[in-house]
Amino acid sequence: MSNRKFTLIVLILGLVGAVYLTFRLFLVQTALVPGGSMSNTIVAGDHVLLMKSFGEIERGQVVVFRFPNDSNRYIKRVVGLPGETIQHRGRTVYINGHALSEQKVLVEPDDGSGEPLRIRSKQGSGPYQVFYSRTDDEEDENVDITTFGTSEPLRLPPDSYFLMGDNRDNSADSRYRGPVARNMIWGTAVLIYYSQHSDRI
């Protein structure tokens, strides 16, 4: 092989490697989800493919983000958009005073085993499911008046989003830590590419 051909091959391989590395570091990532705040949508131990988001974020997307002054990454669903007024009462989310369309699933209390939540009943319809283990009455009795958008409606700041886990009774999300600015949201969850529960993918 001539030196010219060898140099060309090295340059091509280097370019392919650089493109792959850029794609891997900045556009696509993978994550092992450690907790159950998104069960049963994403169960603890699921491996998720993540893609970098550019521009606006849409309601219903599952996003990866950080809270201010916290280096950990979290995964939650986008519920409220910039400028909207949001309130969470009982098992219903209200956006600008109107109930948000979500399918509500009543489950057995999370036992911490990492297994999918056991479903007791379903109510309503919507583009995604959310999971509750407490009844409306129990939820009302346990309202923490210091949380965001629970005791009183909350107007979201411009360029900020209200994020909630689908496992609504087991998620430290925007109800407790406040809205999340757009620049703290890295990207969206594209798919579960591996799960210990093979029937889920």
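**Close-up views of the predicted model**

A search of the whole structure finds three aromatic pairs, a pair being rings of Phe, Tyr or Trp (its six-membered ring) with centres within 6.5 Å, stacked if the planes are under 30 degrees apart, edge-to-face if over 60 and tilted otherwise. This is a predicted model, in which local features need pLDDT of at least 70 and side-chain atom pairs count only at pLDDT 80 or more, while totals for chains, interfaces and linings use all residues. Residues are numbered from 1 along each chain as its sequence is written, and side-chain values use heavy atoms, with hydrogens and water left out.

**View A. Ring pairs link Phe-65, Phe-67 and Tyr-74 into a cluster.** Phe-65 and Phe-67 form an edge-to-face pair, 5.0 Å centre to centre with 85° between the planes. The pair of Phe-65 and Tyr-74 is tilted, at 6.0 Å centre to centre and 35° between the planes. Phe-65 is buried, with a relative accessible area of 1%, and Phe-67 is buried at 2%; Tyr-74 is partly exposed at 22%. Buried means under 20% relative accessible area, exposed over 50% and partly exposed in between (1.4 Å probe, protein chains only).

**View B. Arg-77 lies over the face of Tyr-128.** The distance from the ring centre is 4.1 Å. A charge sits over a ring if NZ of Lys or CZ of Arg is within 6 Å of the ring centre and within 35 degrees of the ring normal.

**View C. Arg-89 lies over the face of Tyr-94.** Here the distance from the ring centre is 4.2 Å.
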